[in-house]
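Please look over the sequence and the 3D structure shown below, and then follow the report through its sheet, its cavities and its disulfides.

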Amino acid sequence: MKVRAYRETAAAPGERGFALIAILALAALMSAYLIATVLNPTGAGLANAREERSMNALRQAKAALIAYAASEQWQLYKSQVTDQPGALPCPDINHDGTESDEGNSDCVGLGISSTKNLIGRIPWKTLGTDDLRDASGERLWYALSFNFRKLSGTTVINSDTQACDTPACNAGESQLTVTGTAPASNVVAIVFAPGQVLDLRQIGGPLQNRPADHTDPAYKDPINYLENFDLDNFGLGDGRHYRFTTNAIPDDTLNDRLLVITQAELMAAVEPVVAARIERDVKPRIQDYFTKWGAYPFAVPFAAPPAAQSNYKGVSSPPQTNGLLPITNASGWVAWKTSPLSSISVTQPSPPLGGTGSISSVDCSGSNASQIYCRIDYGSSGSDRPVIHLQATSLTAAMSFANPVASGDATTTMHDGTTPTTWTTGPTVTNTAQADGNGTVIITGGQLQSVSFNNGRVFITVPAPSYHAITNSADPTSGWFVANQWYRQIYYAVSAGYAPAGGSACNPLPSPPLPPTPPYLCLKVNNLPPSYATANDKRAILVLAGRALNGNPRPSGTPADYLENANLAAALGTTPYVYEHRAGVPTSINDRVVVVSP
């Protein structure tokens with residue numbers, strides 16, 4: 001018994017050594033397997049890695065395009081015009097074979113039409129990105145709706161601009177259509193990862209030819225890079241209805257990967273920038289009008305915002321203090337009142353403002369809507385120099401953005417009516433907006449040259465007021481606002497106290513309920529940034545309505561298609577003095593308020 005126990009005990013170390021060897025061998029096998037797995041990924045793993053690389057490049061391109069449309073700083077840095085927020089750069093289409101030509105936006109040039117969509121490569125230099133490429137090493141491609149190309153004067157881009165033939169975006173009107181496993185609508189741009197070369201001859205397509213020579217026409221032909229698309233509107237050949245297809249997994253007949261930019265995505269980034277630019281560029285123009293005329297102009301009654309700028313005429317009866325911005329540029333709308341002729345008066349100031357001698361006769365019958373033209377006879381002594389006082393009415397000056405009359409606008413000629421002469425002392429001018437929608441212009445204190453100098457007769461000419469710079473689409477500061485018709489998305493409100501003849505005063509809006517017969521009340525804007533210490537003392541505001549959140553087509557005469565929440569209630573007269581500012585990502589409201597004063 002003792003011998004057997006000894007032998008059994010003696011065998012134990014050998015058995016333990018064998019077990020250790022087995023464990024080490026198993027660990028070596030597992031390590032080898034893991035190393036082999038890492039170094040030799042499966043086909044599915046490779047495909048996933050390639051897909052992620054291509055999608056990362058597409059995501060970068062999409063983000064860069066949206067940022068470009070919303071940012072003017074990069075465009076300024078690149079010495080590009082910044083008069084079209086929301087516009088996207090054209091693709092890189094033309095290739096002359098030089099390195100400097102690659103990656104630049106081509107909006108004009110051989111074969112590029114201003115009425116067709118565009119397709120080419122991503123303009124990475126214009127965007128300021130890296131040379132973005134997919135997993136196969138191909139440069140990304142890019143298709144753009146012609147409605148959104150950066151070409152001010154040809155395209156008009158604002159919150160209502162759609163990538164369609166008409167604002168209603170009816171069936172068949174979409175300029176870019178995406179079908180397949182990931183369909184998309186209202187698409188303004190698409191970025192593509194072309195993938196590897198495919199042989200499509202087995203399905204009636206080409207063997208894709210991707211030449212190294214960038215001047216070869218095949219290099220810019222999308223048929224050599226993309227699959228299953230139609231640039232011909234199903235044979236109609238209009239060049240403005242493109243269709244592309246998506247699939248879940250790349251295969252031997254379609255390996256394009258793509259991302260779309262929708263109108264909603266684009267405007268969600270652009271509209272906050274536009275609101276900031278309105279505050280910077282447009283707001284000072286409106287303040288300038290107030291400074292010159294003593295009031296803010298009457299508004300245009302809200303209706304479906306017309307395209308023609310000339311139709312934006314304010315209304316004074318009944319006094320319109322909210323609606324659309326009176327940004328009309330209609331010819332002849334701002335004019336001198338000449339009927340009756342007594343609307344123009346030339347007298348001597350009372351009380352007198354100096355001077356010698358008196359006016360003996362005045363004839364303003366040569367005046368018309370475009371200019372005041374008055375003959376003045378004066379004095380009995382050769383040294384007489386009377387001071388004159390001219391008063392006239394500028395029609396509709398309080399229902400539009402009319403320029404004020406300046407002292408230099410009143411010019412004089414000698415007795416012959418042609419030889420220019422000067423004032424001994426120049427006049428001063430006051431311009432006052434009136435409750436009837438007109439403006440009173442008083443030119444006073446101007447002392448004429450002596451009787452002997454002018455032979456006792458002088459002619460005074462004053463041209464009708466012109467339109468303010470805010471109405472000019474070519475103005476270098478605010479012209480972008482007019483040229484791209486952003487005024488069609490602007491709701492304008494002014495306290496009655498700061499409308500014409502309102503007295504330039506309003507009382508802060510009290511808490512509800514309002515008194516039954518309130519004095520002139522100020523406007524209140526909720527949710528303003530902290531830089532505004534008070535919310536209920538606003539004299540005039542602009543509301544950028546943003547894109548339609550309810551999905552209804554615009555232009556529309558329904559305020560609910562433009563405004564939300566408190567702003568809609570104010571427009572409908574439910575709570576007429578209370579408005580609301582929305583910042584950040586739009587959800588149920590995307591209205592942004594720009595406070596004009598204070």
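Which residue in E18 is the bridge partner of asparagine 322? The bridge partner is alanine 493. This is a predicted model, in which local features need pLDDT of at least 70 and side-chain atom pairs count only at pLDDT 80 or more, while totals for chains, interfaces and linings use all residues. Residues are numbered from 1 along each chain as its sequence is written, and side-chain values use heavy atoms, with hydrogens and water left out.

E7 and strand E18 (residues 490-494) pair in the antiparallel sense over two bridges, where two strands count as paired if DSSP finds at least two bridges between them, and where helices (H or I, at least four residues) and strands (E, at least two) are DSSP runs numbered from the N terminus. Both strands belong to an open sheet of four strands, with antiparallel pairing and the order E7-E18-E20-E22. Strand E7 (322-323) and strand E22 (592-597) stand at the edges with a single partner strand each, so one side of each is left without a neighbour in the sheet. Helix H5 packs on this sheet and touches E18, strand E20 (540-544) and E22, contact meaning heavy atoms within 4.5 Å. The direction of H5 makes about 20° with that of E22; axes are lines fitted to C-alpha atoms, for helices over the stretch in contact, and angles run from 0 to 180 degrees between N-to-C directions.

## Two cavities

The structure holds two cavities of 30 Å³ or more. On a 1 Å grid over the protein atoms alone, a cavity is a set of points where a 1.4 Å probe fits but cannot get out, and lining residues have an atom within 4 Å of a point. Grid points are joined across faces, edges and corners, and a volume is the space filled by probe spheres set on the points.

The largest cavity has a volume of about 60 Å³, and its lining includes Ala69, Ala70, Val273 and Arg277. Helix H2 (43-70) and helix H5 (263-293) are the elements that give two or more residues to this lining. The second largest cavity, of about 40 Å³, has among its lining residues Phe302, Ile490 and Tyr562.

## Disulfides

Counting pairs of cysteine sulfur atoms within 2.5 Å as disulfides, the total comes to three. One of them joins cysteine 164 to cysteine 169, with an S to S distance of 1.9 Å. The torsion about this S-S bond is about 95°, so the disulfide is right-handed.

Terms used: 1 Å grid on protein atoms, 1.4 Å probe; cavity = no way out; pocket = protein on both sides within 12 Å on 5 of 7 lines; lining within 4 Å.
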